[in-house]
Amino acid sequence: MLQDNYTQDLPIFKGVTVKYFRESEDNNSYEAFIEMPVKEHHCPHCGYTTTYIKDYRLQKVKDLSLAGKPLKVTISKRRYICKNCNSTFTENNPYIKRYCHFPQRFYFEAIKETFNLQSFSAIARRFGTSVTSIIRWFDNINYPKAELPSCIAIDEFKGNADGEKFQCNLSDPVKHKIIDILPNRDSEDLCKYFLDYPYEKRAKVKKVVMDLSTLFRSVAKKIFPEAKIIADKFHVIRIVTNSLENTRKRIQKEFHDAKRKWFKRSRRLLLKPEYKLTDEDKIELNRMLNSSPELEKAWLLKEKFYEIFRKETRTEAKRELRDWLLLANQLSVPEFQHCITTFTNWSTEIANIVGENVSNGFIEGSNNKIKVLKRISFGFQNFRRSRNRILSLI
Ligand SMILES: [Zn+2]
């Protein structure tokens, strides 16, 4: 058994009197008995002071484990009676709040755990309490709408929360922070969400990064009067490399087995930027391209596309993109038709990439984390709760 004068200084029992603190007889847990010193109390009903004690009640609670052993605490709770209005009330206790089943620090620790990537049931198991309790405590968290940064990135993810298939992830791509999670990707709802911010706040947003979504673009144009809309570079490049890949797949279909396998095996050479190719790579790639003029055209279009991002200014980039579109039209590889249509429509936003160092890299990474969270949570049913979890986590 520990000395009384030592246990009174334990931070968990600050402000209370510890009658005993010891190991249980079976050595499997710790036991403590605490009470409050008698003192004058103000009646919560009428405000009169009283020192009249009505009775005592014992409450047994579970605290966090100490050195791997459960800590069971018995609290002697005094009830006072007010001589003025005759009502009875329980004394205040800094260790445990009125009507609570667990000490304050138990709640805090459990809620802190929800900020890590794990399921509510895993936390409940570790704290020896029910999943519903953990969720109830967690639901007390409420994140207000954050300030809009000068640069924002927006993207969607499949959350299936509250019957809406898609939710939106609104992030700060510079500070690498999620700003908010929005319940759907409905144009009207998105506008309503942003219009909540006064004009001056919205005018401070100077850049909006997005993949090529016409929905997000039309919302951004309406809502952020001063913002430059920037296409996500990786997304744009992926459209081109996918077209190249699809061309390869179509062409190799007509090849005999061995040649098809060789093509499939060497596909990374097609995708690798030319300046990164070794001499050996070049020989192998030339063999591939020589066997199909169509593939050679597709490869050339991919390489020429990189040129756009090597330009110094947006005007030069826009000119380079226009030349590229002319070339793509001329070469008319069917798989690139989609690029021609899309990039014609997005030429300004693609040219805007030049000179900017922002992308959707962070938002895509956070969407992957959200996917993991959704999996371990067995889906997001409740939007408010999943928003809280995402904002706590990332
Ligand atoms: Zn009273």
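Please keep in mind that the model is predicted.

**Domains**

Let us begin with the overall layout. The protein chain is divided into domain 1 (4-99), domain 2 (151-232 + 362-368) and domain 3 (235-351). The centres of domain 2 and domain 3, taken over C-alpha atoms, are separated by 30 Å. Each of these two domains gives six residues to the contact between them. On the side of domain 2 that touches domain 3, four residues are nonpolar, two are charged and no residue is polar.

**The sheet**

Next comes an open sheet of five strands with mixed pairing, in the order E10-E9-E8-E11-E12. At its edges are strand E10 (177-182) and strand E12 (228-231), each of which pairs on one side only. From one strand to the next, the twist averages 30°.

Within this sheet you can look at E8 (residues 151-161) and E9 (residues 164-172), which run antiparallel and are joined by seven bridges. Here Phe-157 stands opposite Gln-167 in E9.

Helix H7 (residues 214-223) lies across E8, E11 (207-210) and E12, and runs at about 170° to E11. Helix H17 (residues 383-393) packs on the sheet and touches E8 and E10, its direction making about 175° with that of E10.

**Two helix pairs**

Two packed helices are described by the angle between their axes and the distance between the axes. The table gives both values for each pair.

| Helix pair | Residues | Axis angle | Axis distance |
|---|---|---|---|
| H8 and H12 | 233-252 and 293-308 | roughly 170° | within 10 Å |
| H2 and H4 | 104-113 and 131-138 | about 85° | 10 Å |

The axes of H8 and H12 cross at roughly 170°, so H8 is roughly antiparallel to H12. On the H8 side, the residues in the contact include Val-240, Leu-244, Arg-248 and Ile-251, while those of H12 include Glu-294, Leu-295, Trp-299 and Phe-305. By class, the residues of this contact divide into seven nonpolar, three polar and three charged.

H2 and H4 pack at an angle of about 85°, so H2 is roughly perpendicular to H4. Tyr-107, Ala-110 and Ile-111 of H2 make the contact with Ile-134, Trp-137 and Phe-138 of H4. The contact of H2 with H4 has six nonpolar residues, with no polar and no charged ones.

Key. Residues are numbered from 1 along each chain as its sequence is written. This is a predicted model: local features need pLDDT of at least 70, side-chain atom pairs count only at pLDDT 80 or more; totals for chains, interfaces and linings use all residues. Axes are lines fitted to C-alpha atoms, for helices over the stretch in contact, and angles run from 0 to 180 degrees between N-to-C directions. Helices (H or I, at least four residues) and strands (E, at least two) are DSSP runs, numbered from the N terminus. Angles under 35 degrees count as roughly parallel, over 145 as roughly antiparallel, 65 to 115 as roughly perpendicular and the rest as oblique. Two residues are in contact if their C-beta atoms, placed from the backbone, lie within 7 Å. Ala, Val, Leu, Ile, Met, Phe, Trp, Tyr, Cys and Pro count as nonpolar, Asp, Glu, Lys and Arg as charged, and the others, Gly among them, as polar. Domain bounds come from an automatic or database domain assignment. Two strands pair if DSSP finds at least two bridges between them.
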